[in-house]
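Hi,

Here is the structure I promised to pass on.

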Amino acid sequence: MLLNLKNIYKNYGKEPLIVPVLKDISLEVIQGDYVAIMGPSGSGKTTLMNIIGCLDRASTGTYLFEDEDISEMNDDALSDLRLNKIGFVFQNFNLLSSETAQENVALPLIYAGIHKEERNHRADVALSKVGLQDRTTFKPSQLSGGQKQRVAIARALINHPRILLADEPTGALDQASGKQVMELFKALNDEGVTIIMITHDASVASHAKKILHIIDGEIIENKQGGAA
Ligand SMILES: Nc1ncnc2c1ncn2[C@@H]1O[C@H](COP(=O)(O)OP(=O)(O)O)[C@@H](O)[C@H]1O
Ligand SMILES: [Mg+2]
């Protein structure tokens, strides 16, 4: 088991104004999985993703990442885990505007202490993988939305994370580039990349192997998706 969340609750605020946001969420993710999380705005999807990505901690419940209990890790251990084992993709790409595609993709490798020549080489390989081998020297302002998201995906995968987490990755894209980005996620999953993705789009979710519907912080439906 890659991820195992059991009876997760998350509250925001303090007494006497506690706001329960996640209620009794349980979720198992195996290697090679492709999980789509759907649900209305404000239902707790990003809160859940932040907990899965170890950007935040649950109020109660247990979370095992590769059989290790997250609640027993200190913040440094958690940030190491995040750097080495989790790739993130966001709706608004989160690229550095002053840096080229290659430099953006190579960024996580700086933290990993890899020297420049090797970093640039690995970034170029990752950019080829997402079809951007001829855009390595372009800055974000010179790229389309779909291309920016592909740069972000290359960056998320540069460290070979155990899991790729994507929070509405097509939310800022037009339909055609959104479709291309979705096909890329599907191809990556076919190659064995484990993915959890938040999406509003049912056609996007149809690629997933499991679909989780969240309403008001609760899983109301947990089913197998349509992917072969
Ligand atoms: N840091 C926070 N402090 C207080 N409330 C928050 C915080 N983050 C999110 N919330 C609340 O939690 C609920 C779920 O938010 P979120 O997880 O972002 O929903 P979704 O991603 O499904 O739109 C919302 O009501 C939101 O206002
Ligand atoms: Mg959200």
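Leaving out residues up to four places away in sequence, Val21 touches Lys10, Asn11, Tyr12, Ser43, Gly44, Thr47, Asp216 and Gly217. Keep in mind that this is a predicted model. Val21 sits in strand β2, which covers residues 19-29. Its relative accessibility is 15%, and the cut-off for buried is under 20%, so Val21 counts as buried.

As a rule, nonpolar side chains in soluble globular proteins tend to be buried together. Here the largest nonpolar core has 39 residues, and those with the most contacts inside it are Val105, Leu127, Val151, Ile153, Leu164, Phe185 and Met197. Several elements supply at least two residues each, including β3 (34-38), β7 (163-167), β8 (195-198) and α7 (202-205), along with the helices α3, α4, α5 and α6. The largest share, 6 residues, comes from α5. There is also a second, separate core of 30 residues, which includes Leu5, Tyr63, Phe88 and Leu165.

Apart from its neighbours within four places in sequence, Ile153 is in contact with Val89, Val130, Val181, Leu184, Phe185 and Leu188.

On to the helix pairs. Helix α5 (residues 145-157) packs against helix α6 (residues 175-190) at an angle of about 20°, and their axes are 9 Å apart. With that angle, α5 is roughly parallel to α6. The crossing of α5 and α6 is right-handed. On the α5 side the contact is made by Gly146, Gln149, Arg150, Ile153 and Leu157, and on the α6 side by Ser177, Gln180, Val181, Leu184, Phe185 and Leu188. Sorted by class, that contact has 6 nonpolar, 4 polar and 1 charged residues.

For the other pair, the axes of α3 and α4 come within 8 Å and cross at roughly 120°, which means that α3 is oblique to α4. α3 passes α4 in a right-handed crossing. From α3, the residues involved are Ala101, Gln102, Val105, Ala106, Leu109 and Ile110, and they meet Arg119, Asn120, Arg122, Ala123, Asp124, Ala126 and Leu127 in α4. By class, the contact of α3 with α4 comes to 8 nonpolar, 2 polar and 3 charged residues.

Cheers

Note on methods
Residues are numbered from 1 along each chain as its sequence is written. Chains are lettered from A and ligands numbered from 1 in the order in which they are written. This is a predicted model: local features need pLDDT of at least 70, side-chain atom pairs count only at pLDDT 80 or more; totals for chains, interfaces and linings use all residues. Side-chain values use heavy atoms; hydrogens and water are left out. Axes are lines fitted to C-alpha atoms, for helices over the stretch in contact, and angles run from 0 to 180 degrees between N-to-C directions. Helices (H or I, at least four residues) and strands (E, at least two) are DSSP runs, numbered from the N terminus. Angles under 35 degrees count as roughly parallel, over 145 as roughly antiparallel, 65 to 115 as roughly perpendicular and the rest as oblique. A crossing is left-handed if the near helix is turned anticlockwise from the far one by less than a right angle, and right-handed if clockwise. Contact means heavy atoms within 4.5 Å. Ala, Val, Leu, Ile, Met, Phe, Trp, Tyr, Cys and Pro count as nonpolar, Asp, Glu, Lys and Arg as charged, and the others, Gly among them, as polar. A nonpolar core is a set of buried Ala, Val, Leu, Ile, Met, Phe, Trp, Tyr and Cys residues joined through side-chain atoms within 4.5 Å. Buried means under 20% relative accessible area, exposed over 50%, partly exposed in between (1.4 Å probe, protein chains only).
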